[in-house]
Every structure is written in structure tokens, then in C-alpha cells.
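Please open the structure in your viewer and keep the selection tool at hand. This tour goes from one pair of side chains to the next and says what is there.

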Amino acid sequence: PLWTGDAWQDNCKIRPSSLMGSLRFWFEVICYFSGICKIEKESDKVVNFKEGRFEKEVDREKLEKCLLEKGNYFQAKIECLNEQKIPLPSIIFGTTNWKSLIEIESIKYLKNYCFGNYFNLPYAIAFSKRNKSDKPKEFNTKEELNTFIDMRYKNRSREENYKKFREEYSVFYLSTPYFYGDFTVIFNVEEEIIEPIFFPLLTFMEKYGFWGGKWNIGYGRLKVESVKIDNTIENNWKRDKFDLSIFKKNKNIRLDDLIQEVNTFNDLIGNQTLIKIRFLKYLTGKTTFKEGIEELLKEKSIKRGEFRDSNEKRHKIFGKTGNPRQMSYVPQGSKILPYIFEENGQFSGGFLSIVGLLNLD
């Protein structure tokens, strides 16, 4: 499923801004894990993590003066931006007074698409915290969930009933309608970065990245069916490394150097001295997306429960809704993502970890 809902949680079209935001986020992750960008810290607290961007405003007057001296060609522009120490993600995806080098011109829906509930997912899935072997409870509607809660926790207010319910169960809400099907995106990309930046980023996104939102419930994994340049099929678009020589001298990033496959769930979290994007293959050969995501969410809820004695660490790793008043510096959103892909008509996957973004010491 693909989710690109707006501020009102409406999801009736694919929003270009959501796709671009995903591209930028994962490029920033790549820049961080490769050592190109660093998160400034004050003591043990992350500074400016709320913005979540490696971003710096371009001084327009300085840029114009620099271009008058160096010339108005691409490499000169990059040199002028580097003199202002503009972070690479801001150069590629834009910032104040500097236009993005990658833009979306249009999105077109193709065959077999819908905005609905293609996978017949329930409204919510609840996993027992007390009896981990219990089968998950599925609720197809909000009303069905409310009825269950009111019948189970009688003689209390709705608010008290929900509190008791959350004490007994871990709950995941599977948002609908979502997009499922094929679509085409027309990207306008600065020619100089197509080969060294855009193609490697597209390769990374197909292998590991997530698009849109709701990554915490496994949404947002897309497969690239084909790439065309000026209506001509590009057969050799996949790249295993970024060539950043036009931005950083003698700097390349190999995709394999960013990823570490691990053997256990605990390995996704531990040993953060070696900063990598980590992948744990957990399930294979599930017939349906629903079957696969249910198993992954159950395992994730069990592991999250093991951190109940450390609220701050649990919230950092597994995310937290709202804004924790006494932990305002804790970045929100899960850093352990259910990772699903389709192969041979069945669903396989595991977990992708970007816990390395955090300071867990």
C-alpha cells in the first residue's frame, strides 16, 4: 500500500510533495550514514531534530556575487554553494533561495490501480501484551473496536475503557483508503546529477526505501518497473554507488557499505558504534500482505514491550505519537520499520533499522 495523505488524513490521490519528501528523507539518511552530514548535538540531546533536515538557507547576495566571479555554469554554482557550506541534501533538494535539482512534473495512474482496501486490511489489529501466544484481534471498523472495548471494560467511561484496553493490548491502526496499483512519475532532473545521484537514489529506494507515509505499518514499498529518458527505455539505470565527485572531491558512496544484514532483532538496535542501516530478514513465503504485516507487527509489539522500563529509549526506537513534554528532543516516528517485498507472487520481508540516527548511549 502507498499512503500520501494530507493534513486531514485524506488519501484520494498520490501527492508529489509526499514522494519528494520521502526521496529527500532517505537521501539525508544516506548522507548521515556515509558521514557526509552530521547531526549537531548539545550534551546528549539532539539539537534541531524537530526540523529533521540537513538544511541551511542560501545567502542570495553572496551567491550572485560568487557566480559573477566564477560564471553561471553548473559546477560554478556548486562551488559557490560549497563556499557557503550548504549541506548536500539542500543542494540536491533545494532550500531557501535555491531551487531543487529534482522535481516532479506529473503523476499518471496506470492499470490495476485503486484508492480503497485492495488487501482487505482490518481497521485495527490488537496484540495481547499478557499472552503473547494469543492470536491477534482484528476489528474491521471503529464501531466494532468500540463495542469490544465497552463490553470488555464495563462500568467505566469511554476514556477509562480505552486506557485499560491500551494497557492490555498493543494496537496498530491500518489506514484506508490507500493506493495500490501502477503509476508513472515524470521527474525533471538536472542532467549533471542523473547518473551520479538520481539513478543510485532510485536504486536505493527500490531495494530499501519507503515512499509516502505510514511506514510504521509497512506501507510505502514500491517496485520500479521501468525507467525512460525522453520516452526511450533506459535498461542500465540501476547503480550500486553514488558518485559525488562534482560535490565532494574523491567521494563515492557504495550502497553495500550502507547496509548491514543482521541475524536477530536485538542486532537491529545494539552496537551503534558501527553506524549502518540494518536489515533483518524475518519472514518468507506469506501468501498475502495482510498475513505478512500481521506477523511483523506482532513481533515488533513484543520487542517494544521489552523496553517498558525505559520509556525514553522505547520512544526513541519505536516511536511515540504526540509530543512528549519532558522529552521534547526525542525524535518521533519509529526507527524500526516493517520491511515487505514481493517475490515469486508471495510476500517476504523483515525489519529495516535506522536506529543509528539516534544517540542511545
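A residue counts as buried when its relative accessible area is under 20% and as exposed when that area is over 50%, with partly exposed in between. Bear in mind throughout that this is a predicted model.

Begin by selecting Lys-286 and Glu-295, whose side chains meet in a salt bridge at 2.8 Å, N to O. Lys-286 is buried, having a relative accessible area of 18%, whereas Glu-295, with a relative accessible area of 28%, is partly exposed.

Next, select Glu-206 and Lys-238, where a salt bridge of 3.2 Å, N to O, brings the two side chains together. Glu-206 belongs to helix 7 (residues 191–207) and Lys-238 to the loop between strand 11 (232–233) and strand 12 (241–243), so this pair ties together parts that are 32 residues apart in sequence. Glu-206 is buried, at a relative accessible area of 13%.

Now move to Arg-254 and Asp-240, whose side chains also meet in a salt bridge, here at 3.6 Å, N to O. This pair links distant parts of the chain, since Arg-254 is in strand 13 (residues 252–254) and Asp-240 is in the loop between strand 11 and strand 12, 14 residues apart. Arg-254 is partly exposed, with a relative accessible area of 36%, and Asp-240 counts as partly exposed at 40% relative accessibility.

How many salt bridges does a search of the whole structure find? The search finds 14 salt bridges.

Conventions:
Residues are numbered from 1 along each chain as its sequence is written. This is a predicted model: local features need pLDDT of at least 70, side-chain atom pairs count only at pLDDT 80 or more; totals for chains, interfaces and linings use all residues. Side-chain values use heavy atoms; hydrogens and water are left out. A salt bridge is a side-chain nitrogen of Lys or Arg within 4 Å of a carboxyl oxygen of Asp or Glu. Helices (H or I, at least four residues) and strands (E, at least two) are DSSP runs, numbered from the N terminus. Buried means under 20% relative accessible area, exposed over 50%, partly exposed in between (1.4 Å probe, protein chains only).
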